[in-house]
Every structure is written in structure tokens, then in C-alpha cells.
Amino acid sequence: MTSTIVRAVCPHDCPDTCALHVTVKDGIAADVKGDPEHPTTAGVLCTKVSRYTERTYHKDRLLFPQKRVGKKGEGKFERISWDEALDTIASRLKTIAAKDPEAILPYSYAGTMGLLQSDSMPHRFFNKLGASFLDRTICASAGGAGYKYTIGAKVGTDTEHAQDAKLILIWGGNPIASNLHLWMRVQEAKRKGARLIAIDPYRSLTAEKCHQHIALLPGTDGALALGIMHVLIAEDLLDHDYIAQYTLGFEQLKQRALEWPPERVAETCGITVAEVTGLAREYGATAKRGEPVMIRTNYGLQRVRGGGMAVRNIACLPALVGAWRHAAGGVQLSVSESFPKNLQALQRPDLLPAGKYPRTINMSTIGNDLLRESSPEFGPQIQALIVYNSNPVAVAPESGVVAQGFAREDLFTVVLEHFQTDTADYADILLPATTQLEHTDIHGAYGHLYMMANNPAIAPLGESKPNTEIFRLIAQRMGFTDPCFFETDDEIAAQAFKTSDERAVHFDWSSLKKTGWAKLKLPDAPFAHGNFPTPSGKCEFYSARMQQDGLDPLPAYIPPYESVASNPSLAQRYPLAMISPPARNFLNTSFVNVQSLRDTEGEPHLDMHPVDAAARGIAQGDQVRIFNDRGSFVAVVRVTEKARAGLVVGLSIWWKKFASDFKNVNEVTSQQLTDMGRAPTFYDVLVQVEKQAQ
Ligand SMILES: Nc1nc2c(c(=O)[nH]1)N[C@H]1C(S)=C(S)[C@@H](COP(=O)(O)OP(=O)(O)OC[C@H]3O[C@@H](n4cnc5c(=O)[nH]c(N)nc54)[C@H](O)[C@@H]3O)O[C@H]1N2
Ligand SMILES: Nc1nc2c(c(=O)[nH]1)N[C@H]1C(S)=C(S)[C@@H](COP(=O)(O)OP(=O)(O)OC[C@H]3O[C@@H](n4cnc5c(=O)[nH]c(N)nc54)[C@H](O)[C@@H]3O)O[C@H]1N2
Ligand code: SF4
Ligand SMILES: [Mo]
């Protein structure tokens, strides 16, 4: 028996991008472990990916191309050859493109974050075709926009310093479930005496383990950050020297913050005045003592109307107290833009048809957009949809409308997948894709600073192929002859990072494949001496770019679309706020079909405060219907004080087909967009809950 260890990378949409060691015995992947040498992975994987072989060798893996034989959504398919699949796709796309290529839309997100299987050959293909662009907003674009107006780029505190912080605010994130390797360092900081404070409407696994938990109303974080600014200014807990040298607009910020005394903030956020002042004093005083204060802010607080502004307000705080002076201070949202990716080479925008810039469709409003007719404002009706690395029928907001769009008989849908997901059920042609153990890839990350190489560990299962190869083959059938459509995965990977950029001068694909990972060359404390990548080079409390973009140039509070305070008449009918953050054992909808992980999560649950449950005659274990004007779904209630009164929590994202009513939480979410970044407002939702007759 031969046994080897192959260096690989976890491909999932998770900040940790772990380095993997795959043990291969006689061509079979026997085991997947964390690389003990890789500094952030430190030999540890989450439960999900330590079960990676269970997912890879799952009995339901798609192993050959299929075509639909039943109704759309019914999920009935018949095996066909690759030749038939590719010929059908090329001939349909040619016919549509001959009239207007913008009637063709790619739909993809981060099912894999590999630069090859997500960002390279597929983009080249759609650029050459002149297909509509997809605005990839479903996850991070609201906070990204707010952060970039303020700091300049998605760059922040390096995870590898978190253990040295003395105060850590976990603001709108649940790292035990979704950022384990940062959490390991936060635990180390705690052992060394750091204070941990969670800011979250829900007592998450993480909030339970922090010293303090501030359970504000969802969507009110922007106001809390303004309240902190108020107290820092009023009590002079500021770093005047840092403000003078490295920030822009302090005087205007001061006027704005003074409008937000702790009493007003407490009322807006549904918390006590002491919680507001206590938080601000601890933050300001710890920094004044010269100790590092770190904020880990995350995605929970962005998925509401004012999500972009909330992140912007939070991003102002470290500059006020000079926290950036320390490597362990500052704020981390995402560090993805630390990587000098060579998107020109990977995606080849130069292939776009001359003189025509295709329209852009927002992935977060795919429901409405699939149902639109041709019009001068919209452009052509969407006639073909190519889905890869995503499961929109389950993850996109206002699912009822999304499913209606996918059910259109005249829409030609191709889905590249590992499994027959809720989206795959609507495919005309369903193609089997390889998993990370079966293909080559190269990765950056958004929670650490290492370039990472993924070597294939095993041969593709069945007739499955990498996304790169599938698009290469369709390109050939379409008659695309540009040399870039013939490049191998290794050739593409070798161009992934710009060696002309000092951060990646040492990048070399052939050596990265052997070592598995290499850290970017970056300073330890990125903004210790200013150098913010904003137009002014400073942290912009006042942003002229925001003013140009029609936004308030100063930190502000933008209330939710749907809350008791902002929409009282809607709240009369639907009085409960609902959020649906990730379940620990799923990764969005990936892994929901892995039996051992689904068994751990059990079934779709709804966490509800005892007061709200009692008012509706609902007891622990009751089956309930959650509904609003957009739709409904069922879940089993857990009566718990983890959800604050007035809030219900449905950990997500379940496959619809595993629920008794074939629905999930996105039936009730809306297609309204955030204040900036054009992102969805998954956690800006009012619902009513009723007990179901047994
Ligand atoms: N296990 C697991 N890990 C994942 C994922 C997964 O599905 N499962 N998904 C991955 C992806 S795609 C992403 S984007 C990240 C997400 O990463 P995070 O944003 O860290 O997501 P969560 O871990 O759910 O943490 C969000 C927290 O925000 C809280 N929250 C909700 N609304 C508000 C609000 O208005 N204000 C505040 N302050 N808090 C609020 C929720 O209760 C929840 O505890 O995780 C990634 N990692
Ligand atoms: N209600 C609610 N909805 C949400 C969220 C929420 O918190 N609440 N979170 C939102 C967020 S943050 C995100 S990021 C989105 C995530 O939404 P998606 O990006 O759609 O993520 P997944 O549901 O994990 O689906 C990814 C799919 O890609 C497939 N895949 C993986 N690797 C490959 C590959 O190499 N090739 C091919 N062809 N396929 C592959 C997987 O099998 C999987 O089915 O969901 C959003 N939706
Ligand atoms: S999902 Fe995240 S924590 Fe789990 S192995 Fe992948 S990168 Fe690591
Ligand atoms: Mo996400």
C-alpha cells in the first residue's frame, strides 16, 4: 500500500483558508488534517472539513452530465454524454448570443474561493462572450464599501497578532462557528488577561464565552458606534496626536457625534445607558494606557439597511484612540485586499467585445430580475443562466420569487455542481464538477495573509471535471481561439499574484506547490504611521467620495427598513425581528447534505425568547410557521433567552428539500438593498410566528 501526504487548501467561504494535509492511500483520500506548521491553521480543522472525505465520496456526488426530463424544480434527470451536454450548451448560447449576448448571465459566488475555479477561466469565457456582468454582492459588499470609504481598502489587523490584544470587541460575528482560528488566538489573549466583549442581538456560542455580551437590537450598530464616539470625545479618551496626523474631518465628526448622547443611543439600540458608556470607557481607557484594543467586526451587522454605514462608523473608532499604533490593535473586517491578485491575467477583461460594456445584474435581486421582460432600462430579458459555485435557489433573498424565476420554461439553465442542490433541480443541463481534492487551485484569504497552493490529491470521481476545464471545453465549442482558452491550470496559477508588487515579489507557483503556503511581505501594524490607502492617505472621518456618491459624508445612523421603531405599522402585523446567521456545522448550504453534520444540527430550528413564546402559546419543541407578506416556512421552536425578546433566530442555511415544507428562511427575507454596496438585507426582516396544528 502506498501512502502519501498531499498539500491542499480548504476552499470554502471562510476567513480561515486552512492549510490541509490530505493522506492518500492507493489513490483514495483517506483523511484530511490541518497542517500543523501553518501558523494560523496550527493543525486544527473545523468539524465540517475534518469530514471532507465524507463529502467527497458522498453517495450522492454528481458523477456524469445529465439533462432534465421532468418539470423544472422537480429534479428528474437522465444521464447524457459530455459531448451531448457541451453541444447542447454551445448551440443554445450561440443562438442567444447572436441576438444579444447580454441575455446570458453567469451566477456564481464563493462555493470555492480558489482563484482558478472561481475567478479565471469562467470570467475569461463570459468576457469573451460579452455576457452580462454579475454584481457579486450577496455577502460582503455593504461593509466593504463602508470600510473602504473610511480606511481605503480591505486591509486590517493581522490575525497572527490577536493574542496580544488587551481588549477585543467581537462585533457582529460568531468566530467559534465561523472563524475558528481567530477564536483560538482570542482565547489565548483571554488567558493572558484580555477582556472580551460580544456585541450581538443573539447570545451566540461566542457571546456565551465572552466576559460581557451587549445584546442590542438588530440593525442598530451604527448608533452604538456613534455613542462610543460621543463618550470618547466628551470624556477626552482620544489620541490627539494620531487624530491630528493621520485622520481627516475630526471637527465635523465631533459635531455629528455630539448629536448622539448615550441616552439616545441606549433608546435606539434597546440597551442600557451604562452599557453604552461602559463600553466606550473601556475601549478608550485601555487604549489610553497604551494597550492594544482590537475590533473584530464581521458580517452580522451588515445585512441590514444601514449595514454599510454601521461598518464605516466602527472603522472610525481605532483612529480616534490611536489603536492602529499596535500590531494587535485596530480593526479586522477582511484582509482580502492585502493580496496583489493579478485579475487582469486571471480574468482577461481585455477580451470584452470592443466598444461595448455589458450591463450588470445584481445577484441579490436575481428573483426580480429573472422575471423582468426586455426593456430599454433593463436591457434584454435573461434567457440563459450558467450557475457555478453557488446555490441561489436556497441562498438568495425572497426565495419564492427566485424559484419562480428559475421555473421559467423559456429560461435555459446550466448548473455546475457537486450535488443535486435546490438550484440543480431547476437545471436544463447539470454538469458534475470536481471538488478541491480532485483539482488544482491557488488561494489568497480574507482572514490571514498567506498565498496558498492546492494540489490535487486524487483523480476526478466519475466523469467530473474542474470548472476551468468545463469552461475551456465550452469555449472551444463556441469557437473561441484566443490562446488563453488553452492555458493549463498550472499556467494560470503561475500568473495569480503580481510579482511586480513588493508584497508578492517572492511568489513562485512551482515552489508554492511544494511548500503549500507563503506569507505576503507586509508591515506588522499597517497604519501605525497613517498611510491609509484613501485619497487623502488618512483615515477619513469625513469622506468626499461619499458625498460625491450621494451619501452622508459623515458617520450617521440609518435605521432598518423593517423594525418596530422604523416601521410601526408593519410591526403591528409582524412584530418579531428575524435573523438567520450561519449554523456551526454547515457552511452556507454546503455540508447540509452530509448526514453526520446534519444529524448534529438536527432540523430547522427557531430560537425564541420565553416571553414571545408564551404570548403565542408556543412551547419548546412545537412546530411553528414563520411568515410575513413575502412567504412562510416551518421550524421547530427552542424556547431560550439566547434570543433577546422581540427577536427570533433561525440558524441557517438549510436546503429546502430537507425541510418538511420544502422551504427555508429565505422565503421571508427581502430583496431590499443596503445603503451602500447594493447588498441584501437578510437580517432586516419582520415576521410573525404561529403554532402549527399537529
Ligand atoms: N460554520 C460556518 N462558518 C462560516 C459560514 C457558515 O455558514 N458556517 N459562512 C461563511 C460566510 S459566507 C461568511 S460571510 C462568514 C460570516 O461570518 P460572521 O459574520 O461572523 O457570521 P456569524 O458567525 O453568523 O456571526 C454573525 C453574528 O452576527 C449577529 N448579528 C445578526 N444581526 C446583527 C446585528 O444587526 N448587529 C450585530 N452586532 N450582530 C448581528 C448574529 O447573531 C451572529 O451571531 O462566515 C463564514 N464561515
Ligand atoms: N438567510 C440567509 N441567507 C444567506 C445568508 C445568511 O446568513 N442568511 N448568508 C449569505 C452569504 S454570507 C453568502 S456568502 C451566501 C452563500 O451562498 P453560496 O455562495 O451559494 O454558498 P453555498 O450555499 O455554500 O453554495 C455553494 C455551492 O457551490 C458548490 N461548489 C463548491 N465548490 C465547487 C466547485 O469547485 N465547482 C462547482 N461547480 N461548484 C462548487 C457547492 O457544492 C455548493 O452547492 O448566502 C447568503 N444567504
Ligand atoms: S471551513 Fe474554515 S475553519 Fe473549516 S477547514 Fe475550512 S477554512 Fe478551516
Ligand atoms: Mo458570506
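Does Ser543 count as buried or exposed, and what is its relative accessibility? In this predicted model, Ser543 has 0% relative accessibility and therefore counts as buried, the cut-off being under 20%.

**Around Ser543**
- You will find Ser543 in a loop, with strand 21 (539-540) on one side and helix 23 (544-548) on the other.
- Setting aside neighbours within four places in sequence, the contacts of Ser543 are Tyr149, Arg312 and Pro553.

**Helix 12 and its buried side**
- Helix 12 spans residues 250-258, and its buried residues are Phe250, Leu253, Arg256 and Ala257.
- These residues lie on the same side of helix 12, because they cover an arc of only 120° around the axis.
- Among the elements that cover the buried residues of helix 12 are helix 10 (221-234) and helix 11 (240-246).
- Strand 11 (247-248) and helix 15 (307-321) are also included in that cover.

**Domains**
- The chain is divided into domain 1 (66-137 + 340-434 + 463-498), domain 2 (142-333 + 526-548) and domain 3 (568-691).
- Taken over C-alpha atoms, the centres of domain 1 and domain 2 are 38 Å apart.

**The second largest pocket**
- This pocket lies between domain 1 and domain 2, because both give residues to its lining.
- The volume of the second largest pocket is about 1,500 Å³.
- Its lining consists of 46 residues, and those nearest the pocket centre are Tyr109, Asp119, Arg136, Lys154 and Lys341.
- By class, the lining of this pocket divides into 20 nonpolar, 16 polar and 10 charged residues.
- Elements that each supply at least two lining residues include strand 6 (104-108), helix 4 (115-119), helix 5 (121-129) and strand 7 (133-135).
- Helix 6 (141-150) and helix 16 (343-347) also each supply at least two.
- Helix 6 gives the largest share of this lining, with four residues.

**Cavities**
- Four cavities of 30 Å³ or more are present in the structure.
- The largest cavity has a volume of about 90 Å³.
- Residues lining the largest cavity include Pro604, His605, Phe633, Val634, Trp654 and Lys663.
- Gly650, Leu651, Ser652, Ala659, Asn664 and Val665 also line the largest cavity.
- Seven nonpolar, four polar and one charged residues make up the lining of the largest cavity.

Definitions and conventions. Residues numbered from 1 in each chain as written. Chains lettered and ligands numbered in written order. Predicted model: local features only at pLDDT ≥ 70, side-chain atom pairs only at ≥ 80, totals over all residues. Heavy atoms only, no water. Buried < 20%, exposed > 50% of the residue type's maximum accessible area, 1.4 Å probe, protein only. Arc of directions from axis to C-beta. Contact = heavy atoms within 4.5 Å. Domains from an automatic or database assignment. 1 Å grid on protein atoms, 1.4 Å probe; cavity = no way out; pocket = protein on both sides within 12 Å on 5 of 7 lines; lining within 4 Å. Points joined across faces, edges and corners; volume = space filled by probe spheres on them. Nonpolar A, V, L, I, M, F, W, Y, C, P; charged D, E, K, R; others polar.
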